Amino acid sequence: MEAPDGTVWATDTQAPAFYRVRSHGAVEAFTISGYELPADCYSWAPRFGGIAPARDGNMWAVGCKTIARITPAGQITVFPFESTAQVARTLPDGNILFVSNTGTFLLDPLATTTPDFTLSLSAST
């Protein structure tokens with residue numbers, strides 16, 4: 001998935017890693033140290049699947065009961081999520097749409113409730 005800065009990002013379904021490909025072809029890997037699948041996820045479940053850019057300048061990825069925010073500097077923050085999302089898409093308004101096994105959710109990446117950022121998702125109808 002292409003980021004606003006022209007780089008291309010990809011997820012690794014077998015490892016907790018993200019890859020950025022720069023315009024000159026250099027590939028950078030970013031891993032989540034100490035990441036383990038949530039206990040109720042199967043060992044074959046994808047670590048992370050869909051990834052999408054957001055209006056906050058970050059990339060957002062979905063996985064088994066987790067959502068990850070990846071900054072342009074490669075800092076990764078993982079948030080717990082109630083279900084397993086497979087698809088992440090950027091909407092025209094800059095929000096992120098997640099499609100999971102229990103429904104469709106919207107993330108406004110600019111909505112913060114604490115200085116540390118609290119992941120707030122709203123169910124979409």
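A: The model is a predicted one.

Q: Is Arg20 buried or exposed, and how do you know?
A: Buried means under 20% relative accessible area. Arg20 has 3%, so Arg20 is buried.

Q: Where does Arg20 lie, and which residues does Arg20 touch?
A: Arg20 is part of strand S2, which covers residues 17–21. Leaving aside residues up to four places away in sequence, the residues Arg20 touches include Trp9, Glu28, Phe30 and Pro72.

Q: What makes Glu28 partly exposed?
A: The label belongs to values between the buried limit of 20% and the exposed limit of 50%. Glu28, in strand S3, has a relative accessible area of 26%, so Glu28 counts as partly exposed.

Q: What joins the side chains of Glu28 and Arg22, and how do you know?
A: A polar contact of 2.8 Å joins them. The limit is 3.5 Å, so this distance meets it. Arg22 is also among the residues that Glu28 touches, together with Phe18, Tyr19 and Arg20, when residues up to four places away in sequence are not counted.

Q: How far apart are the C-alpha atoms of Glu28 and Gly74?
A: They are separated by 9.1 Å, while the two residues are 46 residues apart along the chain.

Q: What makes Trp9 and Phe30 a stacked aromatic pair?
A: By the ring rule the count comes to two aromatic pairs. In the pair of Trp9 and Phe30, the rings are 5.6 Å centre to centre, with 25° between the planes.

Q: Which parts of the chain does the pair of Trp9 and Phe30 tie together?
A: Trp9 lies in strand S1 (residues 8–11) and Phe30 in strand S3 (residues 27–31), so the pair links parts that are 21 residues apart in sequence. Both Trp9 and Phe30 are buried.

Q: Why is the pair of Trp60 and Phe79 called stacked?
A: The centres of Trp60 and Phe79 are 6.1 Å apart, and the planes make an angle of 20°. The limits are 6.5 Å for the centres and 30 degrees for the planes, so the pair counts as stacked. Trp60 lies in strand S5 and Phe79 in strand S6 (residues 76–90), so the pair ties together parts that are 19 residues apart in sequence. Trp60 and Phe79 are buried.

Q: What makes S1 and S2 paired strands?
A: Two strands pair if there are at least two bridges between them. Four bridges join S1 to S2, so the two strands pair, and they run antiparallel. Thr11 stands opposite Phe18 in S2.

Q: Why are S1 and S3 called edge strands?
A: They belong to an open sheet of three strands with the order S1-S2-S3 and antiparallel pairing. S1 and S3 are its edge strands, as each pairs on one side only. The twist averages 20° from one strand to the next.

Q: How do you know that strand S4 is largely enclosed?
A: Five of the six residues of S4 (residues 48–53) are buried, so the rest of the structure largely encloses this strand. S4 pairs with strand S5 (residues 59–70) in the antiparallel sense over four bridges. Ala52 has Trp60 in S5 as its bridge partner. S4 and S5 form a hairpin with five residues between them, and Gly57 in the turn has a positive phi of about 90°.

Q: What makes strand S7 largely enclosed?
A: Four of the five residues of S7 (residues 96–100) are buried, so S7 is largely enclosed by the rest of the structure. Five bridges join S7 to strand S8 (residues 103–107), and the two run antiparallel. A hairpin joins S7 to S8 through two residues.

Note on methods:
Residues are numbered from 1 along each chain as its sequence is written. This is a predicted model: local features need pLDDT of at least 70, side-chain atom pairs count only at pLDDT 80 or more; totals for chains, interfaces and linings use all residues. Side-chain values use heavy atoms; hydrogens and water are left out. Buried means under 20% relative accessible area, exposed over 50%, partly exposed in between (1.4 Å probe, protein chains only). Contact means heavy atoms within 4.5 Å. Rings of Phe, Tyr and Trp (its six-membered ring) pair if their centres lie within 6.5 Å; planes under 30 degrees apart count as stacked, over 60 as edge-to-face and the rest as tilted. Axes are lines fitted to C-alpha atoms, for helices over the stretch in contact, and angles run from 0 to 180 degrees between N-to-C directions. A polar contact is a pair of N or O atoms within 3.5 Å; within protein, one must be able to donate a hydrogen and the other to accept it, and residues adjacent in sequence count only if both atoms are side-chain atoms.
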